[in-house]
Amino acid sequence: MTPVPMLHVLLLAAILFALGLVGVLVRRNLIVMLMSVEIMFNAAGLVFIAGGSRWGQPDGQVMFLLILTLAAAEIGVGLGLVLQIYRQFKTLDADALDGMRG
Amino acid sequence: MELVLFYLSAAVAVTSTVLVVIQLNTVHALLYLIVSLLASGFIFYLLGAYFAAVLEVIIYAGAIMVLFLFVVMMLNLGQKTIDREKAWLTPGSWRGPALLAALLLAELIYTLAHTAGVNLGQAVSARSVGIALFGPYLLTVEAASILLMAGLVGAYHLARPLQDKEEP
């Protein structure tokens with residue numbers, strides 16, 4: 001297999017995670033915020049894969065599988081909430097949701 | 001040669017992720033996110049995690065992103081939304097969070113720079129992953145299936161049209 005330096009993989013994961021964090025903090029569109037959360041999940045998965053590849057153990061890929069499951073469940077519920085918010089407020093602006101009762 | 005492939009796909013992943021964050025049109029951002037996930041899948045392949053690479057393409061870039069695409073198309077956001085996004089994304093609003101995140105990234109890189117320089121690239125076959133999943137991780141797999149079930153029921157419950165408002 002390719003001998004890839006571990007440091008560079010970890011750096012790539014750190015950069016992707018920081019970009020996802022910026023996306024969550026900066027954007028106000030709810031769908032783009034959910035997508036940024038996906039980017040952060042993916043960066044975490046990349047670190048698990050790197051760990052599994054470093055020691056040649058299957059545990060890294062098992063953890064990636066669990067992250068995948070978590071992302072799928074989270075996105076299902078999150079998009080359901082986004083649909084409901086859009087029906088009620090007619091906007092995807094996260095700042096529109098500052099009232100307590102609709 | 002394969003190292004060049006790794007850096008190339010890493011550059012593709014970072015570039016398309018930056019475009020996801022700064023893209024105003026939601027559908028374009030989604031397509032860039034798919035490119036980013038495909039690049040990560042290729043990196044998984046290069047690291048020897050073949051099973052995870054296939055799952056990344058089929059489930060992440062395939063199923064989850066198609067779910068996103070359906071919702072974006074259902075909401076039918078037009079030019080009006082793009083104009084409003086442009087009004088929201090002023091330099092004053094993104095400078096602070098971007099600076100703080102860059103600071104965190106710098107700390108992370110500083111910490112990582114002191115790790116020992118080891119090379120990755122031990123292939124892990126899908127067979128050993130399957131044996132691990134149905135051996136020591138059996139209970140975890142069951143918990144994941146319960147989580148998926150709860151997500152399914154929750155998504156159905158949340159996304160269904162509201163009844164006419166009635167006071168309890």
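This is a dialogue on how to read some packing features of a predicted two-chain model.

User: Before we start, how are residues and chains labelled, and which parts of the model count?

Analyst: Residues are numbered from 1 along each chain as its sequence is written, and chains are lettered from A, with ligands numbered from 1, in the order in which they are written. Because the model is predicted, local features need pLDDT of at least 70 and side-chain atom pairs count only at pLDDT 80 or more, whereas totals for chains, interfaces and linings use all residues.

User: What is a nonpolar core, and which residues touch the most other members of the largest one?

Analyst: In soluble globular proteins, nonpolar side chains tend to be buried together. A nonpolar core is here a set of buried Ala, Val, Leu, Ile, Met, Phe, Trp, Tyr and Cys residues joined through C-beta atoms within 7 Å; a residue is buried if 20 or more other C-beta atoms lie within 10 Å of its own, exposed if 12 or fewer, and partly exposed in between, with C-beta atoms placed from the backbone. The largest nonpolar core has 67 residues, and those touching the most other members are Val9(A), Ala13(A), Met35(A), Ile49(A), Ile43(B) and Leu47(B). Two or more residues each come from helix 1 (6-26), helix 2 (30-55) and helix 3 (59-89) of chain A, and from helix 1 (2-22), helix 2 (26-46) and helix 3 (50-75) of chain B. Helix 1 of chain A gives the most to this core, with 13 residues. Helices (H or I, at least four residues) and strands (E, at least two) are DSSP runs, numbered from the N terminus.

User: Which residues is Leu47(B) in contact with?

Analyst: Two residues are in contact if their C-beta atoms, placed from the backbone, lie within 7 Å. Leaving aside neighbours within four places in sequence, Leu47(B) is in contact with Val4(A), Ile49(A), Ala50(A) and Ser53(A), and also with Leu120(B) and Gly121(B).

User: How many residues of each chain are in contact with the other chain?

Analyst: 62 residues of chain A are in contact with 71 residues of chain B. On the side of chain A that touches chain B, strand 1 (4-5), helix 1, helix 2 and helix 3 give two or more residues, and helix 3 of chain A gives the most, with 23 residues. By class, this side has 43 nonpolar, 14 polar and five charged residues, where Ala, Val, Leu, Ile, Met, Phe, Trp, Tyr, Cys and Pro count as nonpolar, Asp, Glu, Lys and Arg as charged, and the others, Gly among them, as polar.

User: How many bridges join strand 1 of chain A to strand 1 of chain B?

Analyst: Two strands pair if DSSP finds at least two bridges between them. Here two bridges join strand 1 of chain A to strand 1 (residues 119-120) of chain B, and the strands run antiparallel; the bridge partner of Pro5(A) is Asn119(B).

User: How should I read the packing of two helices?

Analyst: Two packed helices are described by the angle between their axes and the distance between the axes. Axes are lines fitted to C-alpha atoms, for helices over the stretch in contact, and angles run from 0 to 180 degrees between N-to-C directions; angles under 35 degrees count as roughly parallel, over 145 as roughly antiparallel, 65 to 115 as roughly perpendicular and the rest as oblique. Helix 1 of chain A and helix 1 of chain B pack at about 5 degrees with their axes 9 Å apart, and are therefore roughly parallel to each other. The residues of this contact divide into 11 nonpolar, two polar and no charged. Within chain A, helix 2 and helix 3 pack at about 175 degrees, with their axes 9 Å apart, and are therefore roughly antiparallel to each other.

User: Are Tyr86(A) and Arg95(B) buried, partly exposed or exposed?

Analyst: Tyr86(A), in helix 3 of chain A, is partly exposed, because 18 other C-beta atoms lie within 10 Å. Arg95(B), in helix 5 of chain B, is exposed, with 11 other C-beta atoms within 10 Å.
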